Each structure stands twice: as structure tokens, then as C-alpha cells.
Amino acid sequence: MAIPISPVMADQVPGQRLIEKWFPFGELGEMIRREKRAMKPVYQMHSWPARRAGSEFRAIILATFLPSDVPPDDFWSLFYGGADMADVLGYRPIVLDPFMGGGTTVVEALRLGCKAIGIELNPVAWFITKKEVEPCPTGELEEAIRLLRSEVEEEVLPYYRTMCPACGGQAKMVRAYWVRQVICEECGEEVPLFQHVALSRIGDKGWIYCYNCDEVHVVGPGEGLRVKRCPGCGAELEPVSNGREYECPSCGHRGRVLGAVRAMGTAPGARMYAICYSCGSCGQRGHKVPDREDRELLGLCEEELRRDDMARSLRSLRVEIRYGEDSRRILAYGIRTFYELFNSRQLLVLAIIRRAITELPVSEGVRELLLLAFSDIIEFNNTMVPWVYKANKVESCFSIHNYLLPHTYAELNAWDGGRGSLLNALEKVRRGKLYCRRPFERRYELRSGRLVLVGRTYTCGSCEARVTHDPSEFGRSDALLICSSSLEARIDYEVDAIITDPPYFDNVIYSGLSDLNYVWLRDVLSGRYPWFRPPHTPRDDEIVVDPSRPEEKDGRSYVRDLSRVLTRFSGNLKDDGILVLTFHHRRAGAWASILEALVISGFVIKAVWPVRSEARSYPHTRTHGAALHDAIIVARRRLTPPDPCVRADAGELRGHILSRSVELLEDLGSEDLRWPTIFTVVVGQALRAYSEHYPNVYHGGRRMGVGELVEMSKALADEVAERWC
Ligand SMILES: C[S@@+](CC[C@H](N)C(=O)[O-])C[C@H]1O[C@@H](n2cnc3c(N)ncnc32)[C@H](O)[C@@H]1O
Ligand SMILES: [Zn+2]
Ligand SMILES: [Zn+2]
Ligand SMILES: [Zn+2]
């Protein structure tokens with residue numbers, strides 16, 4: 001029997017939504033790429049790994065609720081001007097995100113006049129999203145920031161004083177440079193693991209540190225910072241460590257760093273070797289080697305930390321770091337607890353700031369905002385923070401989504417040191433809350449084939465809403481934010497759309513990374529929110545693939561759990577409801593997994609849109625390994641079971657998929673077609689056809705699996721790509 005497949009671009013399908021027929025993925029990809037460099041202020045209030053761009057979800061939500069006959073121009077005027085979905089539909093729709101993360105879906109849904117339900121396993125992410133959308137009078141926040149400054153400044157600034165080498169006055173420590181050291185396995189001497197001598201540049205002046213004469217030297221404007229010979233003592237400056245191996249400066253022995261660490265039986269210690277200062281009296285800025293007073297200051301910090309109240313307040317950091325793909329490298333270095341990831345000044349200053357926040361006479365809502373700023377600086381104030389001298393800036397320790405111990409690290413002035421300091425984070429929170437009340441879009445226009453930024457437009461709608469975490473209160477609120485596993489959570493509401501960005505297979509271990517924030521937040525929040533009581537963030541229910549824990553979290557458990565969540569909430573989806581899932585495809589295997597989860601849980605795929613949200617791309621080549629594209633997968637619930645008498649034949653599907661992909665690609669009319677785009681279009685068409693007949697798709701007398709379908713799509717994409725060139 002011939003297989004009936006619904007037409008791809010049919011103009012009149014009753015009830016069809018725009019996202020099933022059209023999506024502006026070309027323009028949007030370019031917008032997302034730019035937005036990722038400068039997120040909207042609400043998303044800058046606190047980082048969350050692999051955050052999505054707001055404009056992507058704004059476009060998805062709009063296209064999910066607009067009917068399919070809305071022309072592109074109208075779509076864009078609603079995108080920029082603002083639209084209320086209640087006006088479009090005649091009622092206020094509910095959007096559910098079962099993997100809420102840092103809240104992009106929730107924030108954008110509220111802006112568009114929807115009600116939102118977000119479910120998130122991780123307490124840190126839950127807290128971030130809650131604080132993004134909870135209303136807060138700006139005046140109250142500004143007053144609280146002033147109060148905090150007057151409480152804390154005098155107490156913490158003395159820990160960042162250093163003598164100005166130019167005038168002898170008191171200067172501010174901007175940052176300190178530390179090096180880790182191991183004991184040489186041959187001669188027993190300390191080996192500082194320097195990989196280079198570069199410090200940094202200020203204006204056209206550069207500084208280096210010579211580990212032979214223990215001096216800081218200035219290099220000229222034209223010179224690079226990786227000098228080979230010390231301008232002071234003339235010593236040749238070979239790297240002591242290449243990251244994995246060291247060469248002992250005393251005896252010349254070469255050995256593995258990890259071998260030396262194992263022989264020591266403890267984590268490597270570290271020593272401060274240079275300070276970047278800024279002097280208020282003489283205006284001098286530069287670098288110096290630490291003097292006796294600088295070292296005494298560190299001794300003072302250690303003493304303070306031994307005080308009973310301090311020790312007690314930092315107890316929650318003394319919990320073990322759990323083994324996983326994210327942490328196995330630092331565990332191999334002998335680090336055991338979170339406490340060991342901070343130096344004494346960092347511990348002390350962070351503890352002082354946190355205590356001041358908890359004691360400030362302000363409302364709980366505002367206190368939590370201050371706490372959010374505090375939490376945001378943790379990833380910049382620990383001993384894993386690299387100093388990137390080439391870019392002249394610090395990086396967050398999580399810029400690579402892993403715990404790593406750099407051999408040299410930067411210690412910031414956590415109070416007033418620019419990027420990563422508290423004053424900076426408080427300002428980001430203040431701006432974020434201002435944005436929530438008056439959100440804007442950056443407006444781009446297509447001019448001679450290029451997207452040009454032409455300014456901002458303020459949209460109607462606000463990101464702020466009445467928030468509850470009690471499901472029975474949702475009727476009286478705008479947003480229900482539940483901190484729980486989506487494998488467990490139950491909601492008794494019918495929803496109009498499920499829009500979500502599920503965990504990306506094996507890219508990020510959210511639980512492990514967020515523990516670094518969690519151990520600092522726990523004591524302060526556990527009284528009000530029971531999900532902050534356990535010593536770590538929950539990870540048993542986390543849907544992720546962890547190559548270091550294959551018996552707990554492998555590809556199969558990922559598919560099983562993701563399908564369970566989708567099946568669970570498909571029961572909440574209205575008959576005409578839409579599911580939209582974003583996905584990052586790094587490997588074909590990951591594609592097959594997510595698609596399998598969708599068909600198993602009873603969804604029929606209606607469209608798959610490629611969004612090139614990363615800059616790097618390779619023309620027309622089969623780059624199956626590269627993560628260049630996001631895919632937006634649009635599906636509906638299957639309302640009637642497939643007719644078992646209709647057997648779809650893979651060969652016949654193949655023809656349909658090919659012709660429809662070409663048709664669609666022509667319609668999309670992009671000149672800049674690359675293999676990943678073609679593949680996404682092809683696999684999307686393959687999935688449409690396959691999911692419509694699932695599980696009755698046969699190939700050579702056998703039922704065809706999703707893996708085979710993805711393989712077939714790759715071959716078809718090759719064919720199409722060849723035709724296009
Ligand atoms: C890709 S992230 C979502 C990011 C979000 N779109 C954003 O812009 O920040 C996926 C989220 O799923 C969460 N997650 C993983 N397993 C979960 C589960 N069983 N239940 C609820 N959330 C879970 C992770 O903690 C993570 O925050
Ligand atoms: Zn030696
Ligand atoms: Zn020297
Ligand atoms: Zn000075």
C-alpha cells in the first residue's frame with residue numbers, strides 16, 4: 001500500500017502553526033551569534049552553563065502560537081514590537097519547560113504574555129530563574145546595595161592593601177598571581193610549575209616575572225610577554241612545566257606532574273608570586289613581587305579562618321567533590337573538598353560578604369538578589385581561575401565546563417576588581433532588574449545581504465511576574481517554578497505548549513559544576529527552601545551522559561529518562577498542543593537518541609529547523625563531529641495509533657525525503673548552504689515521515705531503527721550537497 005505523507009508546505013492545514021511551516025532560522029542564527037557575545041541584561045544576572053539566547057526562544061514561542069498564514073513581515077513586527085499571546089489566541093496560554101535551567105523559556109514566555117511552568121532539578125538553576133522573574137522595586141535594591149557597601153567595604157578592603165613600590169603609600173591590590181608547586185621526585189626541592197613568564201599589559205607597558213631572580217621586569221611596548229631571557233639576571237627562561245611534565249630547576253630531573261603529586265600524597269600547594277596594584281596616591285599602576293606585609297596579610301587571613309564562627313560558617317564547603325567527568329581531573333590532583341578550591345583570602349572575604357548579606361536589614365526578596373550577585377562571583381574567585389594574559393583578562397573557571405587546576409591562577413580583588421568582583425556583579429543584577437521591567441530587543445535589518453544592528457526597540461510586556469513554587473497557587477500566579485526532578489514532578493494543568501532545551505547528551509554535567517555555587521548558598525537558603533538541605537545538588541535523577549560513570553549514566557539511560565519525561569508531560573499537553581525541543585547535535589549518535597526518545601514517547605515530528613548559532617563552519621563537508629548547528633525540533637502528540645496495516649517501506653520513504661528536502665531547501669532560498677544545514681533539513685524530513693508511521697517502517701523485511709534512519713539521512717544529505725554545489 002502506498003504511504004500517505006502529509007504535504008510539506010501545504011498552505012491550508014487547519015490549526016497549523018507558523019513554526020510547523022516557516023521559521024526564520026537564517027536571520028536568527030546571526031542574531032543569536034551576536035547575542036551570545038552580549039546576552040540581554042536579565043540573563044547576565046547569573047551565569048548558567050550553555051545558556052540559550054533569549055531571542056531564539058522569543059522567536060520559538062511566537063512562531064508556536066501564531067497561525068501558519070502569518071507572513072514573515074508580520075512575524076518580525078510582532079517580534080520587535082511585542083505581542084501578547086492572549087490577544088492572539090483569545091486566552092492566556094500556558095508554556096511548560098521541564099528542563100528550565102537558567103530560565104530562558106520562562107522569561108521569554110512571560111514577556112509574551114503567557115503563563116509559565118518551569119521544572120528544574122538543580123536548586124542553583126531554580127534560584128537563578130526565580131530571581132530573574134520575581135519583581136523587585138529598583139529603589140529598594142539600590143538602597144540595599146548602598147547599605148551592603150557601607151557594611152562590608154571597610155572590613156574587606158584592608159585585605160587587598162599593598163604597599164605602592166613607587167611612592168610607598170597604600171595601593172589597592174587589583175589581582176595576585178599564584179603558582180602551584182610540587183616536590184621534585186629526584187632531589188626533593190620545590191618545583192614551581194611555571195609554564196611561562198608573562199604577567200600582563202597596562203597600556204603599552206608589559207610585565208613579566210622571572211622565576212630565576214624572583215623579580216618583576218618591564219618589557220618594552222613592541223616586545224611580547226613570553227621573553228626567553230630575563231632582562232634582569234640574564235637567565236634563560238625555559239618553561240618549568242608543559243602542563244603534564246615538569247623539569248626541576250634545581251637538578252634538571254624530568255617527571256610527570258601527576259606522578260609528583262601522587263608521591264607527595266596531597267594536593268600541590270601554591271605560592272603568591274606577583275601582585276598587580278593600583279595606587280590612589282601617586283596614580284601608579286603596575287606589578288610587584290609580594291613583600292613581607294603582603295605575606296603577613298595572608299597569614300592574618302589564615303588566622304581569621306581558624307576562628308570558631310568562621311570555621312562553622314564554612315563547614316558546608318568541607319563536603320567531598322563527587323567523582324564525574326567534570327571533576328576527575330582535579331580529584332587526580334589530590335583535591336578532595338570544595339574548601340580546598342579557595343585560598344585563605346578568598347575564603348575569608350567571601351565568608352564576610354555572605355555574612356553581611358544574611359544580616360542586612362532588608363526584605364528577603366532583595367537579600368536573595370544580593371545573594372545571587374554573590375553566587376555569581378564564585379566562579380571567578382577560586383584557585384581554578386586562569387589569567388589569560390593574551391586577552392588581558394580572567395576567565396571563569398567554568399568556561400570549559402570542567403573543574404581544572406591551572407598551574408598558575410589569578411586571585412582577584414573579589415570586592416572591587418572589575419570582571420568577577422562583587423561590585424561588578426551587583427551592577428549586573430541592578431541592570432538585569434531594570435531590564436525586566438522594560439525589556440528591549442536589539443533591532444537588526446538586512447542591508448545588502450548583511451544583518452546590521454540598527455538600535456533597540458522597547459517591547460511591551462515584562463519579564464517580571466507573580467511567582468510561586470506551590471502548584472496549588474498557580475491559578476493566582478503567572479509562573480510556577482518547581483525545583484524537582486521532571487521524572488517525579490506532577491502538575492495538574494493542561495498546557496498549550498512544551499518548549500524546552502533538554503540537557504545535551506554529554507556536554508555538561510550541571511550537578512557537578514553547580515555544586516561550587518551550591519555549597520556557598522546552601523546554609524543561607526536551606527531554611528526557606530528544603531531543596532537546599534542536602535550537602536550536594538541532586539544528581540541521581542539528572543538526565544545526562546557521564547563517560548566517567550558509565551554504569552549510572554550512559555546513552556541508554558539518557559534516552560530512557562528523556563522519553564519518560566516527554567511521555568509524562570505529553571499527558572499535560574492539549575490535543576492541539578505543540579512540543580518544541582532545541583538540540584545541539586555533536587554526533588549522529590546523539591541525534592538518534594533524542595529522536596528515539598521522541599518517537600517512543602508518542603510524538604510525531606512536524607518540522608526540524610537548523611540554526612547556525614556558532615560562528616565556525618565548514619562548507620559542504622561532512623562534519624559529523626562538529627557542533628555547529630542547533631536544531632529546533634517541532635512535534636505534536638500522536639492522537640490516533642498508527643494503522644498497523646500500513647507498512648511504510650524505507651525505499652519509498654527515501655524518495656519522499658529527498659524530493660521534499662530539495663523542495664524545502666529551495667524554498668528556504670539560502671545561498672549559504674552548508675552540509676550541516678542540509679543534513680538538518682534532510683533528517684527533519686526523514687523524521688517527519690518516519691515518526692508518522694513509527695513503528696511500522698520496514699527496511700528489507702525488518703523494522704527500521706532510528707539509528708538506521710540517521711545513517712540514511714547522512715547519505716541523502718551527501719547526495720543533496722553534491723547537487724547543490
Ligand atoms: C540545557 S539546560 C537548560 C538551559 C536553559 N535553556 C537556559 O537557557 O539556561 C538543561 C537543564 O536540565 C536540567 N535537568 C537535568 N535533568 C533533569 C531532570 N531529571 N529534571 C529536571 N531538570 C533536569 C539541568 O539541570 C539543566 O539545567
Ligand atoms: Zn630536582
Ligand atoms: Zn631574572
Ligand atoms: Zn603610589
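Is I498 buried or exposed? Select I498 and count around the residue: I498 is buried, with 27 other C-beta atoms within 10 Å. Here buried means 20 or more other C-beta atoms within 10 Å of a residue's own, exposed means 12 or fewer, and partly exposed lies in between, with C-beta atoms placed from the backbone.

Before moving on, note that this is a predicted model, in which local features need pLDDT of at least 70, side-chain atom pairs count only at pLDDT 80 or more, and totals for chains, interfaces and linings use all residues. Residues are numbered from 1 along each chain as its sequence is written, while chains are lettered from A and ligands numbered from 1 in the order in which they are written.

**Stop 1: I498 and strand β20**

Keep I498 selected. I498 sits in strand β20. Helices (H or I, at least four residues) and strands (E, at least two) are DSSP runs, numbered from the N terminus. Now show the contacts of I498: L96, P98, F569, L573 and L579, leaving out residues up to four places away in sequence. A contact means C-beta atoms, placed from the backbone, within 7 Å. The C-alpha atoms of I498 and V174 are separated by 47 Å, and the two residues are 324 residues apart along the chain.

Strand β20 has 6 of its 6 residues buried, so it is largely enclosed by the rest of the structure.

**Stop 2: the strands beside β20**

Strands pair here if DSSP finds at least two bridges between them. Select residues 94-97, strand β1. β1 and β20 pair in the parallel sense over 2 bridges. L96 has I498 as its bridge partner in β20.

Next, select residues 573-584, strand β21. β20 and β21 run parallel, joined by 5 bridges. β21 is mostly covered, with 9 of its 12 residues buried.

Continue to residues 630-637, strand β23. β21 and β23 run antiparallel, with 7 bridges between them. Here F583 stands opposite A631.

**Stop 3: the nonpolar core**

Select I61, L62, V95, L110 and V580. Of the 217 residues in the largest nonpolar core, these touch the most other members. A nonpolar core is a set of buried Ala, Val, Leu, Ile, Met, Phe, Trp, Tyr and Cys residues joined through C-beta atoms within 7 Å. Helix α20 (residues 675-693) supplies the largest share of this core, 10 residues. Domain 1 and domain 2 both give residues to the core, so it lies between them. In soluble globular proteins, nonpolar side chains tend to be buried together.

Zoom in on L62. Leaving out residues up to four places away in sequence, L62 touches F75, L78, F79, A83 and L112.

**Stop 4: the two domains**

Colour domain 1 (18-134 + 434-508 + 544-724) and domain 2 (159-352 + 371-420) separately. These bounds come from an automatic or database domain assignment. The domain centres, taken over C-alpha atoms, are 42 Å apart. The contact takes 12 residues from domain 1 and 11 residues from domain 2. On the domain 1 side, the residues divide into 5 nonpolar, 4 polar and 3 charged. Ala, Val, Leu, Ile, Met, Phe, Trp, Tyr, Cys and Pro count as nonpolar, Asp, Glu, Lys and Arg as charged, and the others, Gly among them, as polar.

**Stop 5: ligand 1**

Select ligand 1 and its shell of 24 residues. F99, G101, G102, T104 and D501 come nearest. A residue belongs here if its C-beta atom, placed from the backbone, lies within 6 Å of the ligand. The shell divides into 12 nonpolar, 6 polar and 6 charged residues.

**Stop 6: backbone details**

Select Y694 and P695. The peptide bond between them is cis, with omega near 5°. P695 lies in the loop between α20 and β25.

Follow the chain into strand β25 (residues 697-699), which runs antiparallel to β26 with 2 bridges. H699 stands opposite R702 in β26. The open sheet here has 3 strands in the order β24-β25-β26, with mixed pairing. Its edge strands are β24 (648-649) and β26 (702-703), each pairing on one side only.

Jump to N392, in the loop between β13 (387-388) and β14 (393-394). N392 is not a glycine, yet its phi is positive, about 55°. N392 is exposed, with 12 other C-beta atoms within 10 Å.

End at H401, in the loop between β14 and β15 (408-412). H401 also has a positive phi, near 60°. With 15 C-beta neighbours inside 10 Å, H401 counts as partly exposed.

Note on methods
Two residues are in contact if their C-beta atoms, placed from the backbone, lie within 7 Å.
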